[in-house]
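Work through the following exercises with the sequence and the model side by side. Try each task before you read its solution.

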Amino acid sequence: MKLISFIVPSYNSEGYLHRCIDTLLFDLENIEVIIVNDGSKDKTIDIANEYMEKYPNTVKVIDKENGGHGSGINAGLEIATGLYFKVVDSDDWLDLENGKLLLDTIKKHLEEGQSPELYVMNFEYEKLSEGTSFVRTYHKNFPENKIIDWDHIKHKFKYSNTLLMHALVHKTEVLRASGLKLPHHTFYVDNIIAYQPLPKIKTVYYMNKVLYHYFIGREDQSIQMHNIVKRYKQQIRVFREIMSFYTYDEINQMGKGLRGYMRHALTDMMIITQMFTTGEHTKERKEDLKQLWKDVKAYDAKMYYFLKYRSYNTIVSFLPFRLKGFVMTKSYLYLTKKIKLG
């Protein structure tokens, strides 16, 4: 049995796919690498096939028509055989030594008869063109090197600190049991991966090491400010998906630690959605945000009142649209500059 399946959704990735895949091949016996060519128009499929020919027992290739990042992850999840599942975007890469450390930890836990549903590790934003970086850690939230349940996290998550896909290594069966099926042709679906499976996760193990390196700098990258503004409708779509998974009553019935985090994640996602939408002042955007709030209220009135009146959203929800956009975009740009990424 393979212990980790690395899924690499790839679209026009010839310029950086080698860097990514070379950091995943640190244990040919215990890992599998599934490269998903998502209808690329460059040499991505040729590079993928070269790896499969060289490492036939480790590398698999899926060659499919273009469907977007989510469709690539869906395809990888369908055929993954690893005990654990990790998405690695084709322009990103892993820390080799900490990858080995993760694998050794999984082996140790299995020998002890343990198998947490989720491993959490740090990740690092890397802006190579400027030689700057920023590490996202979770040491304030989780005890280190200890299998815990949600009620034994150290401190509540606050503000923009959320569990992002880059930090997470899920047990494969948990993702499947959660019914994870990502929308096609949609950016920001990594937020769904980090949210939907959570109620299926009973135990978590945190390692205070950087595993994932997130490359910052491509002009077409989804987190670039101009793309955030342009793609606001896709962010709205992702938020609609997220709010539909669990009602506010269902969240309230979860254990204390998980309940608190689920509320925090919803809050953070709504704040991000408002920021995307108010990035430009147009009548269409104003109506779209108004309609989203109406839809949240119609779907789940308790969720609506929580987000509108009892969460961080309250700080900006009642500002005029133009002022709201100014405050939120300036705050985002300030934060990215502060961590030397903007």
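**Exercise 1.** Decide whether Tyr 138 is buried or exposed.

*Solution.* The relative accessible area of Tyr 138 is 0%, so this residue counts as buried; the class "buried" means under 20% relative accessible area, "exposed" means over 50%, and "partly exposed" lies in between, with a 1.4 Å probe and protein chains only. Before going on, keep in mind that this is a predicted model, in which local features need pLDDT of at least 70 and side-chain atom pairs count only at pLDDT 80 or more, while totals for chains, interfaces and linings use all residues. Residues are numbered from 1 along each chain as its sequence is written, and side-chain values use heavy atoms, with hydrogens and water left out.

**Exercise 2.** Classify the aromatic pair that Phe 123 forms with Tyr 125, and then the pair that Tyr 138 forms with Phe 157.

*Solution.* Start with the rule: rings of Phe, Tyr and Trp (its six-membered ring) pair if their centres lie within 6.5 Å, and planes under 30 degrees apart count as stacked, over 60 as edge-to-face and the rest as tilted. The structure holds 21 aromatic pairs. For Phe 123 and Tyr 125 the ring centres are 5.2 Å apart and the planes meet at 70°, so this pair is edge-to-face; both of these residues are buried. For Tyr 138 and Phe 157 the distance from centre to centre is 6.4 Å and the angle between the planes is 50°, which makes the pair tilted.

Tyr 138 sits in the loop between strand S7 (132-136) and strand S8 (147-148), and Phe 157 in the loop between S8 and strand S9 (168-171), so the pair ties together parts that are 19 residues apart in sequence. Phe 157 is buried, with a relative accessible area of 6%. Finally, one aromatic cluster is formed by Tyr 138, Phe 142, Trp 150, Phe 157, Tyr 206 and Tyr 261.

**Exercise 3.** Describe where Val 120 lies and which residues it is in contact with.

*Solution.* First, Val 120 belongs to strand S6 (residues 118-127), and its relative accessibility of 0% places it among the buried residues. Second, count a contact wherever heavy atoms lie within 4.5 Å, and leave aside the neighbours within four places in sequence: Val 120 is then in contact with Tyr 138, Phe 142, Leu 163, Ala 167, Leu 168, Val 204, Tyr 205, Tyr 206 and Met 207. Third, take a distance between C-alpha atoms: Val 120 and Val 210 are 90 residues apart in sequence and 10.0 Å apart in space.

**Exercise 4.** Carry out the corresponding steps for Gly 70.

*Solution.* Gly 70 is found in helix H3 (residues 69-79) and is buried, at a relative accessible area of 0%. Apart from neighbours within four places in sequence, its contacts are with Leu 182, Pro 183 and Val 189. From C-alpha to C-alpha, Gly 70 and Ile 192 are separated by 9.7 Å in space and by 122 residues in sequence.

Technical notes:
Helix = DSSP H or I, 4+ residues; strand = E, 2+ residues; numbered from the N terminus.
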